[in-house]
Amino acid sequence: MKKTGSFRFEAVDEVHNVSGTYTYDDAWFAEDASLLSPMLRMMSMCLSLACFPDPEDKNRAFSNAEKLLTEMGYRDLEVNEDFRHSPREYTLGVLIARKEVSLQGENCAIYAVGFRGASYGREWYGNTIIEKQGIPVGFRIALHKTMHFLQDYLERHGSKEKERKKLWITGFSRAAAAAGLAGAAATRHAKRWGLRKEDIFVYTYEAPRCMPKELNVAYSNIHNTVSRVDMVPLIAPESWGFIRPGVDDTILPSPKQKEWQDQIKEVRAFLKSLNPAVECEEEGFVPLAISGFQLKPIREAEKYHRKRGKLEEWWYDADIGDYFPLFIRFMGSKLALSVGKTELTDREAYAQYYEKSFAMVAKRYLGSNADQRDLVRGVLAKMLEHGSTPIIRAVFYVILKGGRNRVLRRVASRLSNWTVFRIMTTRGFKGNRKILKRMSAAIENMIYYFLYCASCDVRENDFAF
């Protein structure tokens, strides 16, 4: 069956849905899963988007995916318990549906497996718990949940006798990591599940690295699409021993290639047609590199580093696996001298010293509004805990209670100047006045945003410290 139609998915603002078009054909599953199918890759992306939680139907967050799969002829859709509730530290929303088809004269059952993408909230907490070995905790729990749910579904909705099973797995971002791990597990245990490797179709988009290198085998049936301008595929870094199971296809050509400008124009026009409210500036599609204390388009950064003979400090590199380690090393040596030059590029050191702090921030910042307020309150209380008198705390309270932007800006400016002074007096720091000025402006904006959030909390909730 071949069908073309429209589907809905969560918009960038996470408040309403937008629409897109899809084309689906059962015949794509007659091919070997190891062969990259551009059409199935496009359709898998549509299903991944439809698996975003529906912001217009809170009680049935999976309704967009349900409608899409139903239109394509899939039945017996089931979702796990996590998909019915708001994201928590170790949740993972998974849905499964099946369809009986005839492919090249053979009776088959296609099982579509989709993962809840976007609006993750607290779920990123588990991903930041890396530990010293093995699959990161959050992804390990997600894999365990997925395989139990899938096995239970197959046992209850098993195919008929002599009916060939086809498994179609897809996911975006964090859900892509879960999809890749599930696809790898299903491929390893294919015979036990009555499957063949050539019948396990896995397509992921912007997947983080989550599989230790020592567990990797040849998963030619797992197709990963990653972009040069997205941070998520850079996590966790290769220097920690992580890879993505399967074959990577890095989209967007180098800016030095002729087709760059033409492709960018097409991409921007398509995104604008999907969501006219989103600004699609060309700079947002240009690979970035570290230039001084800023991230700049690759061409500008190249000039900066060639002039100083320090090309090894590029964030951007021909090998996408090198981006994140270089970035961590650069930030550790230039901005966080107390951290040391190698600790953050070492998995064991991160697990021992930093992962709890990273996890706490991820849990609060990516959680609900209440979680974010708790984070602001905690940081504010910590700031005022050391060396501040009751008078200073009272002054801060009055300033935040007033909530005047001009006053908040002035306080942010004073605090940023103090921070830059501390950086300047740190032994080993090197930087000219221009760099320090840019740093000061960036720090001031961050402090102002923090003070603004704290002020809203004080005024709306009468929070006192």
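Which residue forms a salt bridge with Glu 131? Arg 140 does, with the closest N and O atoms 3.4 Å apart. A salt bridge here is a side-chain nitrogen of Lys or Arg within 4 Å of a carboxyl oxygen of Asp or Glu. The model is predicted: local features need pLDDT of at least 70, side-chain atom pairs count only at pLDDT 80 or more, and totals for chains, interfaces and linings use all residues. Residues are numbered from 1 along each chain as its sequence is written, and side-chain values use heavy atoms, with hydrogens and water left out.

**Salt bridges**

- The whole structure holds 19 salt bridges.
- Asp 249 and Arg 41 meet in one of them, at 2.5 Å from N to O. This pair links distant parts of the chain, 208 residues apart: Asp 249 is in strand 11 (residues 247-251) and Arg 41 in helix 1. Helices (H or I, at least four residues) and strands (E, at least two) are DSSP runs, numbered from the N terminus.
- Asp 249 has a relative accessible area of 29%, so it is partly exposed. Buried means under 20% relative accessible area, exposed over 50%, and partly exposed in between (1.4 Å probe, protein chains only).
- Arg 140 is partly exposed at 36% relative accessibility, and Glu 131 is partly exposed at 32%.
- Arg 164 bridges to Asp 199, with the closest N and O atoms 2.7 Å apart. Arg 164 lies in strand 6, and Asp 199 lies in the loop between helix 5 and strand 7, 35 residues apart. Both Arg 164 and Asp 199 are buried.

**Aromatic pairs**

- Rings of Phe, Tyr and Trp (its six-membered ring) pair if their centres lie within 6.5 Å; planes under 30 degrees apart count as stacked, over 60 as edge-to-face and the rest as tilted. The count by this rule is 13 aromatic pairs.
- Phe 62 and Phe 83 are edge-to-face, because their planes stand at 75°, with ring centres 6.0 Å apart. Both Phe 62 and Phe 83 are buried.
- Tyr 74 and Trp 168 form a tilted pair, at 6.3 Å centre to centre and 45° between the planes. Tyr 74 is in the loop between helix 2 and strand 3, and Trp 168 is in strand 6 (residues 164-172), 94 residues apart.
- Tyr 74 is buried at 2% relative accessibility, and Trp 168 is buried at 0%.
- Ring pairs join Tyr 24, Trp 28, Phe 29, Tyr 74, Trp 168 and Phe 201 into a cluster.

**Strand 7**

- Six of the six residues of strand 7 (residues 200-205) are buried, so the strand is largely enclosed by the rest of the structure.
- Ile 200, Val 202 and Thr 204 point one way, while Phe 201, Tyr 203 and Tyr 205 point the other way.
- Strand 6 and strand 7 pair in the parallel sense over six bridges; two strands pair if DSSP finds at least two bridges between them. Ile 169 stands opposite Val 202.
- Strand 7 also pairs with strand 9 (residues 222-227), parallel, over four bridges. Thr 225 in strand 9 is the bridge partner of Tyr 205.

**Positive phi**

- Most residues other than glycine have a negative phi.
- Glu 131 has a positive phi of about 60°. Glu 131 sits in the loop between helix 3 (124-128) and helix 4 (137-156).
- Glu 206 has a positive phi near 55°. Glu 206 is in the loop between strand 7 and strand 8 (211-212), and is buried at 7% relative accessibility.
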